[in-house]
Every structure is written in C-alpha cells, then in structure tokens.
Amino acid sequence: METVSKGVRFFIDLAKVQAITNRRFDNGLGGLGFNEFIILYHLDRAEAGSMRRIDLAEAIGLTASGVTRILLPMEKVGYVKRQANKDDARSSLVLIAPGGKRRLEESLERAEFLADDLFSFYDTKEIHALSDAFAKFSKIVK
C-alpha cells in the first residue's frame, strides 16, 4: 500500500477528530446539537444579535443551504427568528430569539466542561498554538 503525504494524513486525522468532538458535544449539550450551539454562539456575538444567512454560513464554514436546513427546526422551537433585511430586500436576517439566548447560556457551561475535558492532556500553550493555527488556516482557505 502506498503511503500518503503528511498533508493528506493531517486531513484524515482532522476528520476523525472533528467526528469525535462533534459527537461528544452533540451528546453533551443537553439536547442541543453542536452546529446549533455554534449558530447561537455566532448570532449572540453578532451586531444586534442578527446576521444574514450567507454571513452565518461563512462564519461557521457551512453552505447557505446547510445553514438553512439547521435553522428551520431552530426557528420552530423558538431559538431563532427571521426578520426582513432593511438594507437588502433579497435576503433576510436571522436573529437569536430569547429562547435561543437562554438555551445558549445553559449550554455554554456544558461546552466549557466538555472542552476542558477534551483538552485535559494539553497545556495552555499547546491549546493556544492549535487555536492560532486553525484561525490562520480558516482565513487562508475559504
């Protein structure tokens, strides 16, 4: 069997790490999925608590249609709501609803615990180095 490059091996390992962490967060956030958590997190930190769907998709690395599929059930349970965009009638804004704000606050403590557990074998310097590397990578590759 041929060996693969370090770059290919990195992405294979990254996919596994992503699957493991997504599963851990999906199971540990008390019924809120990890993608839903990330959406609520970004909306909460956005100016006026709202974003265009395309900007939200860009922020989390999904397609606009992928974000739409996640947002529909979130809207039904009252985590987010839609609002007309006064600057662009062709697109709507997504806002964090009061129910989403509460749900995010409840889940944030659990997320902190899960992250601490996942990084328990790393020192702070290593965690910052990983975070910086991924931040740099996400700015370069779009």
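The model is predicted. Over the chain the pLDDT averages 90, and 98% of the residues score at least 70.

I'll start with the helix pair. Two packed helices are described by the angle between their axes and the distance between the axes. Here the axes of H2, residues 34–45, and H3, residues 53–60, come within 10 Å and cross at roughly 115 degrees. The crossing is right-handed. On the H2 side the contact is made by Ile38, Ile39, His42 and Leu43, and on the H3 side by Leu56, Ala59 and Ile60. Sorted by class, that is six nonpolar residues, one polar and no charged ones.

Now the pockets. Rolling a probe the size of a water molecule over the atoms shows where empty space is left. The largest pocket has a volume of about 2200 Å³. Its lining has 40 residues, and Gln18, Thr21, Phe34, Ile38 and Phe134 lie nearest the centre. Ile38 also belongs to the contact of H2 with H3.

Which helix supplies the largest share of that lining? It is H1, with nine residues. H2, H3, H5 and H6 each supply at least two. By class, the lining has 26 nonpolar, eight polar and six charged residues.

The second largest pocket has a volume of about 150 Å³. Among the residues that line it are Arg52, Asp55, Lys86 and Asp87. Strand S1, residues 50–52, gives the most, with three residues. This lining divides into three nonpolar, three polar and four charged residues.

Conventions
Residues are numbered from 1 along each chain as its sequence is written. This is a predicted model: local features need pLDDT of at least 70, side-chain atom pairs count only at pLDDT 80 or more; totals for chains, interfaces and linings use all residues. Side-chain values use heavy atoms; hydrogens and water are left out. Axes are lines fitted to C-alpha atoms, for helices over the stretch in contact, and angles run from 0 to 180 degrees between N-to-C directions. Helices (H or I, at least four residues) and strands (E, at least two) are DSSP runs, numbered from the N terminus. A crossing is left-handed if the near helix is turned anticlockwise from the far one by less than a right angle, and right-handed if clockwise. Contact means heavy atoms within 4.5 Å. Ala, Val, Leu, Ile, Met, Phe, Trp, Tyr, Cys and Pro count as nonpolar, Asp, Glu, Lys and Arg as charged, and the others, Gly among them, as polar. pLDDT is the predictor's confidence in each residue, from 0 to 100. On a 1 Å grid over the protein atoms alone, a cavity is a set of points where a 1.4 Å probe fits but cannot get out, and a pocket is an open set with protein on both sides within 12 Å along at least five of seven lines; lining residues have an atom within 4 Å of a point. Grid points are joined across faces, edges and corners, and a volume is the space filled by probe spheres set on the points.
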